[in-house]
Amino acid sequence: MTALKKYLKLESNGLWRDAPEAQRREVLVSFGEATLVLSDPRSEDALSHWSLPAVERLNPGEMPALFAPGADADETLEIDDPVMIAALDTVRGALAAARPHPGRLRNSVLIGSTSLVLALALFWMPGKLVEQTALVVPPATRTEIGLMALDDLRRVTGAPCAGDLGQRALDALSERLFGSPKPLILVLRDGQSPALHLPGQIVLVNRALLEDHDGPEVLAGYALSEMARNAEEDPLLPLLRHAGLTATFRLLTTGVLSPDAVAGYAEVILRQTREPLDAGLLLPRFEAAGVPSTPYAFALDPSGESVLPLIEADPFRSGAPRPVMADGDWVSLQAICSE
């Protein structure tokens with residue numbers, strides 16, 4: 001069931017009683033294939049399994065939410081995490097809708113589902129919704145969303161350069177820097193930013209990085225820097241903030257984001273002000289990739305004053321241990337926008 005699959009990695013804390021007179025006990029609450037699993041947060045041993053179709057909320061509209069594994073059950077579970085509460089309500093509603101409900105009962109389910117959507121839209125914090133949605137979006141969907149953002153970016157920067165030999169050289173560089181799976185690196189014809197990145201591990205570099213430098217080290221440095229930024233802040237977060245609450249909720253519940261929700265994101269990403277990355281974050285990536293950091297540092301600041309750590313702690317001050325790119329590939333790459 002789609003609704004359940006989206007929450008299989010969701011966890012929260014809760015307070016569980018195994019009997020009415022028992023003391024409350026802290027547990028870790030998570031979804032199983034068809035059950036709600038209550039586990040010891042220290043040992044991770046499962047303490048109880050509740051059948052999801054039988055789970056009932058005992059105090060609708062009140063907080064913390066109180067659940068039971070059935071109408072006559074002795075166990076109870078208190079949860080105050082709005083994300084988990086909304087997920088439980090969504091899954092229970094989907095399970096109820098999947099069963100036959102003739103007449104008035106079917107109408108009650110429809111009204112309840114509509115009320116849930118309205119309640120989430122009105123009361124669930126937008127930031128929490130965006131964060132939770134980003135956590136559950138699978139890689140393939142991230143790539144689809146990244147390509148939608150790239151399509152919107154074409155309005156401003158034009159289509160990426162598409163020379164066959166140059167793109168093959170870029171793909172080889174990406175594998176040289178990052179191994180497999182590798183990000184997709186594309187060259188933009190226009191735009192002020194030397195490099196950007198989009199969801200789905202899509203790195204965009206300005207053609208000036210190819211035309212204004214004698215070798216591929218600067219280009220490699222910017223690619224490494226963008227993937228470091230990608231690791232520091234999920235690029236899906238600002239895109240979903242731009243898309244808005246309704247589109248984000250639809251993505252969370254259906255797995256689909258409309259291209260209309262991405263419209264105008266190009267201007268947002270091109271106007272953004274980005275803080276310089278700390279050298280301590282970048283240097284291990286340069287070392288692991290076998291790329292000197294000094295050329296990238298002087299591309300950032302020709303005076304070298306603001307990037308001294310990248311210069312003085314360059315792991316390969318005397319040159320890369322192996323070429324960043326073959327000479328023939330570099331020549332092909334420099335011509336990617338003229339093919």
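Me: Let's start with Arg-207. Is Arg-207 buried, exposed or partly exposed?
Reply: This is a predicted model, and in it Arg-207 has a relative accessibility of 26%, so it counts as partly exposed.

Me: What does Arg-207 form a salt bridge with?
Reply: Its partner is Glu-211, and the closest N and O atoms of the two are 2.9 Å apart. Glu-211 is partly exposed too, because its relative accessibility is 44%.

Me: Why would two such side chains pair up at all?
Reply: Side chains of opposite charge can pair when their charged atoms come close.

Me: OK, and how many salt bridges does the structure hold?
Reply: There are nine. One of them joins the side chains of Arg-142 and Asp-234, at 2.6 Å from N to O. That pair links distant parts of the chain: Arg-142 sits in helix α5 (residues 139-157), while Asp-234 is in the loop between α8 and α9, 92 residues away.

Me: Are those two buried or exposed, or something in between?
Reply: They fall on either side of the 20% cut-off for buried. Arg-142 has 17% relative accessibility, so it counts as buried. Asp-234 has 21%, so it counts as partly exposed.

Me: Why does a spacing of three residues matter in a helix?
Reply: An α-helix has 3.6 residues a turn, so residues three or four places apart point the same way.

Me: Which residues are linked in a network of salt bridges?
Reply: Asp-152, Arg-155 and Glu-267 are linked that way.

Me: Switching topic: how many aromatic pairs are there?
Reply: Two. In one, the rings of Tyr-222 and Tyr-296 have centres 5.0 Å apart and planes at 85°, so this pair is edge-to-face. Tyr-222 belongs to helix α8 (residues 217-232) and Tyr-296 to helix α13 (residues 294-300), so the contact ties together parts 74 residues apart in sequence.

Me: And what's the other pair?
Reply: That's Phe-286 with Tyr-296, a tilted pair with 5.6 Å from centre to centre and 35° between the planes. Phe-286 lies in helix α12 (residues 279-289), ten residues from Tyr-296 in the chain. Tyr-222, Phe-286 and Tyr-296 form one aromatic cluster.

Me: How many bridges do β1 and β2 pair over?
Reply: Six, linking β1 (residues 11-17) and β2 (residues 25-31) in the antiparallel sense. For example, Trp-16 has Arg-25 in β2 as its bridge partner, and Ser-12 stands opposite Val-29 in β2.

Me: Where does β2 go next, and what's between β2 and β3?
Reply: β2 and β3 form a hairpin with three residues between them. Four bridges join β2 to β3 (residues 35-39), and Ser-30 has Val-37 in β3 as its bridge partner.

How values were computed
Residues are numbered from 1 along each chain as its sequence is written. This is a predicted model: local features need pLDDT of at least 70, side-chain atom pairs count only at pLDDT 80 or more; totals for chains, interfaces and linings use all residues. Side-chain values use heavy atoms; hydrogens and water are left out. Two strands pair if DSSP finds at least two bridges between them. Helices (H or I, at least four residues) and strands (E, at least two) are DSSP runs, numbered from the N terminus. Rings of Phe, Tyr and Trp (its six-membered ring) pair if their centres lie within 6.5 Å; planes under 30 degrees apart count as stacked, over 60 as edge-to-face and the rest as tilted. A salt bridge is a side-chain nitrogen of Lys or Arg within 4 Å of a carboxyl oxygen of Asp or Glu. Buried means under 20% relative accessible area, exposed over 50%, partly exposed in between (1.4 Å probe, protein chains only).
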